[in-house]
Every structure is written in C-alpha cells, then in structure tokens.
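Welcome, and please bring the model up in your viewer. We will go from the whole chain to a few selections, one stop at a time.

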Amino acid sequence: MVLLDAILRFPAVMLLLLIAVLALREWRSISRQADKNTLLYLALMCISIAALLLGLPHPELQLPPSLHAVVRLLDPPSVVLIWWFGRSVFEDDFRLGPLEWAVMALVALPVWSFRLAELGVIADQPYALQVFVSAASVVMMLHLIYVALSGRSDDVIESRRRVRFYFVIALIAATILMVLGERILLANYEIELIVLRVIITFPLALWGALWLLNFHPEKVSFQNTVPRQPSGPEIDPRDKLLHENLVEEMQQNQAYAEQGLTIRTLADKLNTPEHRLRALINQGLGYRNFSSFLNFYRIEAVKQAMQEPENARVPVLTLAMNVGFNSLAPFNRAFLAITGQTPSEYRNELLKNTDQS
C-alpha cells in the first residue's frame with residue numbers, strides 16, 4: 001500500500017504543478033481576459049490540490065513538520081477554486097463578484113481554522129463547522145454540475161460541449177471524495193481513503209497535463225517556422241449557402257424574436273443538421289454560445305426601435321420582450337455587454353442628439 005501510494009502520489013503532485021506552470025506560461029500570451037482568468041484559476045487550483053495531496057499522504061510518507069505545516073495551509077481554498085475554474089470554463093460571462101468572494105471566505109476560512117487546530121496553533125473547532133463546510137462544498141459541486149449540463153444546449157463550441165459531462169463528473173467525483181471521505185471513511189478506512197484519493201487524482205492530473213502540453217515537431221529538428229498570422233473567423237466556402245440562409249432567417253424573418261428559440265429549432269427552420277449550424281456560428285461567425293449570437297440580433301433590433309419616434313415612450317421592457325427576451329435583467333446585461341451602455345443611457349443619448357439636431 002505504501003509503494004502504490006508513493007508511485008501515484010508524487011507523480012500526481014508533479015503533474016499538478018506542471019499544469020500550474022503551463023497555465024501560467026500560456027497566461028502571458030493570452031489576450032482575452034476571460035481566458036486569462038480561467039488559466040489563473042486553473043493554476044491556483046492545481047497548486048492547492050497538490051498541497052492537499054502532499055499534506056495527507058500515507059503515514060510512512062509524511063513530510064517534515066515544517067514543510068507539512070506549509071502545505072496544509074495551502075490546500076483550504078481547493079474546493080472553491082474548483083468551483084471558480086469550472087464556472088469560468090463553462091460560463092463565458094463568468095466574473096468574480098461579491099458572491100464568489102463570500103463563498104471563498106465562508107468555506108476557506110473555517111478550513112484554515114481546522115488546519116491551525118490540527119497544527120496545534122488554536123483549539124479544536126466545533127464539529128458543526130466541519131459539517132457546514134462539507135455541506136457548502138457539496139452545494140458548490142451540485143451547482144457546478146447544473147452549470148455544465150444546463151449550458152450544453154446553448155454551447156456552440158463543439159469540443160467544449162463534448163467535454164462538459166465527463167470533465168465535470170470527474171471533478172465532482174474527486175472533490176466529493178476529498179470532502180466527504182474525511183467525514184465518512186476516515187474513521188475505519190484511513191489508509192484506504194488516503195490511497196483511493198490519489199488513485200482518482202492521478203489520472204485527472206495526467207489528463208490535464210496532456211491537455212495543456214503542446215508538442216511542436218520543429219523543436220526536435222531545430223527548424224524555425226514562420227509564425228502564422230492570427231485571423232478572425234472565416235466562413236467555410238461549403239457553408240456559404242447556409243450562412244446566406246441564416247442571415248435571411250435572422251434579418252428578414254426575424255427568427256430571433258421567437259420566445260425560447262433554441263439552436264435546434266433554428267436548425268430545423270434552416271433544414272440543416274444542428275452540429276453544422278453550431279460549427280458555422282462558432283467557427284465561421286466567432287460566437288462562443290448561441291445566446292450571444294441571438295443577443296446580437298435582438299439588441300440591434302432594440303436599438304433600431306429606440307430610434308423610431310413612435311417608440312419614444314414605449315417602456316424598455318416592452319421593446320425587449322418584442323425581440324425575444326423573457327425578462328429585463330438578461331436584456332440589460334446583454335445590452336451593456338454589446339453596446340457598453342445601459343438601455344436608459346443609450347436612449348437618453350439618442351434623445352439628446354435628436355434635440356440638438
């Protein structure tokens with residue numbers, strides 16, 4: 001059992017640290033802020049999980065006391081970082097806000113108190129606090145499952161759609177083991193739990209490293225290559241007719257105004273396979289999800305409606321509902337994201353320009 005633990009644990013730690021290094025390396029070359037944030041969360045998550053593995057080894061592989069204390073103080077945010085990372089992967093508009101920081105404080109601070117008690121710095125914490133942390137962790141993982149699965153139909157990035165289920169289930173399984181295992185199995189199966197934890201973590205770390213590693217054959221031959229100039233989305237010539245039909249459906253037939261329009265419904269209208277329409281919207285037009293594609297047309301329609309004199313006193317909510325939005329909050333977020341202004345600011349600016357002319 002000790003040998004198996006050592007064979008898997010220390011390579012897993014090295015792989016996790018390698019992923020962190022690779023993520024930080026790519027972080028420097030990424031321009032899109034959301035992608036930079038995702039890589040940062042990934043690096044922090046891997047460092048925290050690596051510390052968790054080092055802090056809970058087989059008793060015969062225990063680190064020196066000083067190093068053990070350091071790694072035990074690095075792992076408390078691990079579950080919250082998994083939550084942040086998963087949401088940043090599957091939510092294109094994910095941003096850290098008061099809720100995310102509050103969850104970090106509510107979960108990580110108690111775990112730090114557990115670690116300090118374990119190290120003999122403070123008194124033991126009440127068991128109810130441990131139950132609260134475990135329950136909060138499970139809630140985060142359930143929410144992450146919901147985020148991943150509920151956004152699958154809206155996702156037009158095919159590779160991300162394929163990985164949603166398996167990627168999240170793997171993270172959830174590992175996290176539930178780490179969180180609940182200490183409460184349920186630790187009393188009678190401490191050694192088995194220790195080894196099981198690393199058995200599950202090692203393949204995930206190996207998969208993550210292979211995912212981020214990018215081998216270039218020219219590195220071996222020491223042959224310089226001309227860097228490819230970045231280019232924007234381009235319509236595949238084979239999709240030219242589909243693109244024309246899509247534009248006609250959206251602009252002339254105003255399909256975007258249909259309440260609850262899905263990509264499957266739109267594909268049926270165009271008499272084309274759903275996967276082909278997803279590829280066109282993502283690879284050809286550059287959208288990451290179907291909602292952002294729809295919102296472009298809907299916001300343009302609202303902007304046009306605001307310029308019509310007869311709509312000067314029509315409530316913003318009415319204009320939003322007329323183009324397919326279900327409520328005011330999603331409309332306000334989409335309008336601000338696309339125009340950089342709130343609907344009220346945009347309308348006031350239009351009225352000001354009209355008065356001046």
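Among contacts in the chain between residues at least 6 apart in sequence, what percentage join residues at least 24 apart? The answer is 68%, where a contact means heavy atoms within 4.5 Å. This is a predicted model, in which local features need pLDDT of at least 70 and side-chain atom pairs count only at pLDDT 80 or more, while totals for chains, interfaces and linings use all residues. Residues are numbered from 1 along each chain as its sequence is written, and side-chain values use heavy atoms, with hydrogens and water left out.

**The whole chain**

Start with a cartoon view: the chain has 16 helices and zero strands. Both are DSSP runs numbered from the N terminus, helices being H or I with at least four residues and strands E with at least two. Of the 357 residues in the chain, 43% are buried; buried means under 20% relative accessible area, exposed over 50%, and partly exposed in between (1.4 Å probe, protein chains only).

**Helix H1**

Now select residues 2-29, which form helix H1 and include Leu4. Leu4 has 37% relative accessibility and therefore counts as partly exposed. Show Met1, Leu196 and Ile199 as well: with Leu4 they make a nonpolar surface patch of about 330 Å².

Arg9 is buried because its relative accessibility is 0%. Beyond its neighbours within four places in sequence, Arg9 contacts Leu53, Leu56, Pro57, His58, Ile194 and Val198.

**H4 against H5**

Select residues 78-90 (H4) and 98-118 (H5), whose axes come within 10 Å and cross at roughly 155°. The two helices are therefore roughly antiparallel, a term for angles over 145 degrees. On the H4 side, the contact is made by Val80, Leu81, Trp83, Trp84 and Arg87; H5 brings Glu100, Trp101, Val103, Met104 and Val107.

**Ala148 in H6**

Move to Ala148 in helix H6, residues 127-150. Is Ala148 buried or exposed? Ala148 counts as buried because its relative accessibility is 0%.

**Last stop: H12**

Finish at residues 274-284, helix H12, where the buried residues include Leu277, Leu280 and Ile281. Just after H12, look for Gly286, which takes a positive phi of about 90°.

Conventions
Patch = residues over 30% accessible without salt bridge, like charges linked within 9 Å, V, L, I, M, F, W, Y side chains within 5 Å. Areas by Shrake-Rupley, 256 points an atom, 1.4 Å probe, with all protein chains shown as cover. Salt bridge = Lys/Arg side-chain N within 4 Å of Asp/Glu carboxyl O. Axes fitted to C-alpha atoms, helices over the stretch in contact; angles between N-to-C directions. Parallel < 35°, antiparallel > 145°, perpendicular 65-115°, else oblique.
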